Amino acid sequence: MKQAVHFGAGNIGRGFIGAILSKAGYQVTFVDVNKAVIDELNEKGSYTVQIASAEQASFVVENVSGIHSSSEHERLNETIAKASLITASVGPNILTHIAKDIAAGLAYAEEQSMLKELNVVACENMIQATDFLRGEIEGHLNDTIKERVLSKVGFPNSAVDRIVPIQHHDDLLTVQVEPFFEWVVEEPSWKGSIPNMEGVQFVEDLSPFIERKLLTVNTGHAAIAYIGLQEGYVTVDRAMENAAIKEKVEQVLSETSEFLVGKYELDPEQHKAYVNKIISRFENPYLSDELSRVGRSPLRKLSAKERLVYPARALMEQGREPNALIDTIAAALHFKNEEDQEAIALQAAIEEHGVKKAFADAADLPEDDVLVVAVVRKYAAAVR
Ligand SMILES: NC(=O)c1ccc[n+]([C@@H]2O[C@H](COP(=O)([O-])OP(=O)(O)OC[C@H]3O[C@@H](n4cnc5c(N)ncnc54)[C@H](O)[C@@H]3O)[C@@H](O)[C@H]2O)c1
Ligand SMILES: O=P(O)(O)OC[C@@H](O)[C@@H](O)[C@H](O)[C@H](O)CO
């Protein structure tokens with residue numbers, strides 16, 4: 001049986017990537033720091049995925065097991081050495097940490113003369129996430145091993161889309177997901193023959209796919225979260241029932257549409273249909289997705305290459321005034337959550353240095369940048 005190693009047995013890991021890989025005939029070994037989840041995967045060897053729709057369908061994902069990355073280094077090296085695919089959905093900030101584990105496994109495979117053609121694919125909400133991961137892995141390899149690894153291992157970027165909320169089940173492994181899913185992988189960087197995996201689309205150029213996804217699904221989500229929380233909502237579907245919030249989300253997405261259609265010469269009608277589909281996904285009444293999850297890690301979301309600042313800044317460079325994006329960024333700067341380290345750091349930075357410097361630092365922009373000036377003006381008007 002083909003072996004896949006997936007880092008991150010969390011929501012998207014179990015709810016989407018693991019399910020696709022298992023169906024494609026892989027034995028999937030999840031790697032996680034959460035020992036309870038890993039123990040359960042090893043005990044059960046399968047888990048249930050529930051589809052959040054009127055039909056309430058579900059299916060079982062088989063051929064899965066787990067490795068606790070903090071304590072099972074040798075087993076992890078041996079498993080990586082046998083793998084023909086390594087994937088990850090741990091969150092962009094964690095890629096640096098798993099790079100060390102992947103590098104150790106690849107170096108072990110090379111030393112044992114087991115290194116074969118394989119691919120490493122990061123499945124994160126981040127532009128060029130695999131390129132970033134590859135750079136971090138390379139930093140842990142000596143020149144000889146690095147050369148061997150780069151000749152055998154492919155590092156394709158990818159875009160993954162499926163809404164998987166925080167789970168609240170008695171069973172630790174059961175995961176509820178929305179019906180929609182999309183996994184797009186960069187074909188030119190794939191080493192070896194292109195596999196036929198149901199649910200995976202290989203494309204020549206990933207940029208339009210990852211940017212379309214990040215600047216529609218994730219920008220829309222961010223707007224609902226930051227504006228919805230100010231209005232006292234808790235979940236995405238309930239916030240979308242508020243006509244004013246829905247209208248603001250539509251305005252935000254018409255701004256990102258303007259940017260995407262212009263940059264990638266997309267067909268405006270087809271793109272409008274894509275946006276409408278995304279909005280209907282936000283309204284799914286069978287999915288209870290918390291705004292605190294969707295707005296999590298505000299410093300990451302306010303960074304330069306991310307879902308808010310990147311399109312807003314690009315539109316301003318074209319002489320446009322992306323008012324709905326500016327409103328969303330201003331609302332994001334009010335995001336407070338005592339369980340979110342980035343929210344705590346953001347509020348501490350605002351308190352210590354003022355909103356102008358806090359936002360400029362987060363977005364890596366000068367304090368006199370036009371976007372910073374526009375956001376600071378709106379910030380004062382946003383409800384606290
Ligand atoms: N949930 C979604 O709707 C969704 C959809 C598409 C993409 N994504 C992206 O997928 C990534 C993960 O999101 P999620 O919602 O599944 O988060 P999650 O918190 O549910 O899962 C992340 C998992 O990574 C594990 N982890 C943390 N540090 C680790 C380490 N050093 N080694 C191994 N595992 C480690 C955590 O224990 C957790 O199980 C993010 O980049 C997110 O943007 C999420
Ligand atoms: O995972 P984040 O924090 O980058 O973004 C939060 C949500 O927008 C995200 O997880 C979506 O649910 C997902 O990207 C849908 O494919």
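Author: α7 gives the largest share of the shell around ligand 2, 3 residues. This is a predicted model, where local features need pLDDT of at least 70, side-chain atom pairs count only at pLDDT 80 or more, and totals for chains, interfaces and linings use all residues. Residues are numbered from 1 along each chain as its sequence is written, while chains are lettered from A and ligands numbered from 1 in the order in which they are written.

Reader: What makes a residue part of the shell around ligand 2?

Author: A residue is near a molecule if its C-beta atom, placed from the backbone, lies within 6 Å of it. Around ligand 2 that picks out Asn125, Asp161, Arg162, Ile163, Val217, Asn218, His221, Val294, Arg296 and Ser297.

Reader: Why is α7 called largely enclosed?

Author: A residue is buried if 20 or more other C-beta atoms lie within 10 Å of its own. In α7, 20 of the 24 residues are buried, so the rest of the structure largely encloses this helix.

Reader: How do you know what span to expect for α7?

Author: The expected span is 1.5 Å times one less than the number of residues. α7 (residues 207–230) has 24 residues, and its 33 Å from first C-alpha to last is close to the 34 Å expected.

Reader: And where does α7 bend?

Author: At Thr219, by about 25°. That's the angle between axes fitted to the seven residues ending there and the seven starting there. Just after α7, Gly232 takes a positive phi of about 90°.

Notes
Helices (H or I, at least four residues) and strands (E, at least two) are DSSP runs, numbered from the N terminus. A residue is buried if 20 or more other C-beta atoms lie within 10 Å of its own, exposed if 12 or fewer, and partly exposed in between; C-beta atoms are placed from the backbone.
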